[in-house]
Amino acid sequence: QVQLVESGGGLVQPGGSLRLSCAASGSIRSVRTMGWYRQAPGKQRELVATITNDGSTNYADSVKGRFTISRDNAKNTVYLQMNSLKPEDTAVYYCKSRLRRLLAVGENDYWGQGTQVTVSS
């Protein structure tokens, strides 16, 4: 079994900051990519940022310069530092990991349960 557990969401005022964390645990052999996605009410889930196991990052244009993704490979944990938050950043944020389980042949994607981020005054 593999679990992804997110934490760090909450309510913050515009211009504020939050830091999300997501830890992958279970029978994991290797983790290739970890990332964050978000889904606002009435909208499709969209990519926020991803990071590979060698540290290569990718960001949505809407968050470039404000959000920073990082990871701790030893802990199979990914972080998302969110600064200068805007009301339009309000969404449920989901963690996703592409990984290989012990004894598995290939890789699969696993999702966390989501954490709510609300930006409002």
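The model is predicted.

**The sheet**

Four strands make up an open sheet, ordered E1-E3-E8-E7, with antiparallel pairing. The edges belong to strand E1 (2–7) and strand E7 (67–72). Each of these two has a single partner strand, so one side of each has no neighbour in the sheet. On average, neighbouring strands of this sheet are turned by 15° against each other, direction ignored.

E1 pairs with strand E3 (residues 18–26) over six bridges, in the antiparallel sense. Within E3, alanine 24 stands opposite leucine 4. Strands of a sheet pair through backbone hydrogen bonds.

**The disulfide**

The structure has one disulfide. The bond joins cysteine 22 to cysteine 95, with an S to S distance of 2.1 Å. Cysteine 22 sits in strand E3 and cysteine 95 in strand E9, so the pair links distant parts of the chain, 73 residues apart. The torsion about the S-S bond is about -80°, so this disulfide is left-handed. Are the two cysteines buried or exposed? Cysteine 22 is buried, and cysteine 95 is buried too.

**The aromatic contacts**

Two aromatic pairs are present. In one of them, the ring centres of tyrosine 94 and tryptophan 111 are 6.5 Å apart. Their planes stand at 80°; edge-to-face needs over 60, so the pair is edge-to-face. Tyrosine 94 belongs to strand E9 (residues 91–101), and tryptophan 111 to strand E10 (residues 108–111). The pair therefore ties together parts that are 17 residues apart in sequence.

How do the two residues stand in terms of burial? Tyrosine 94 has 14% relative accessibility, so this residue counts as buried. Tryptophan 111 has 37%, so this residue counts as partly exposed. Ring pairs also bring in Tyr37: together, Tyr37, Tyr94 and Trp111 form a cluster.

**Arginines over rings**

Two tyrosine faces carry an arginine, as listed here.

| Arginine | Ring | Distance from the ring centre |
|---|---|---|
| Arginine 19 | Tyrosine 79 | 4.2 Å |
| Arginine 45 | Tyrosine 94 | 3.7 Å |

Arginine 45 lies over the face of tyrosine 94, and tryptophan 111 pairs with the tyrosine 94 ring edge-to-face.

**Strand E9**

How values were computed. Residues are numbered from 1 along each chain as its sequence is written. This is a predicted model: local features need pLDDT of at least 70, side-chain atom pairs count only at pLDDT 80 or more; totals for chains, interfaces and linings use all residues. Side-chain values use heavy atoms; hydrogens and water are left out. Rings of Phe, Tyr and Trp (its six-membered ring) pair if their centres lie within 6.5 Å; planes under 30 degrees apart count as stacked, over 60 as edge-to-face and the rest as tilted. Buried means under 20% relative accessible area, exposed over 50%, partly exposed in between (1.4 Å probe, protein chains only). A charge sits over a ring if NZ of Lys or CZ of Arg is within 6 Å of the ring centre and within 35 degrees of the ring normal. Two strands pair if DSSP finds at least two bridges between them. Axes are lines fitted to C-alpha atoms, for helices over the stretch in contact, and angles run from 0 to 180 degrees between N-to-C directions. A disulfide is a pair of cysteine sulfur atoms within 2.5 Å.
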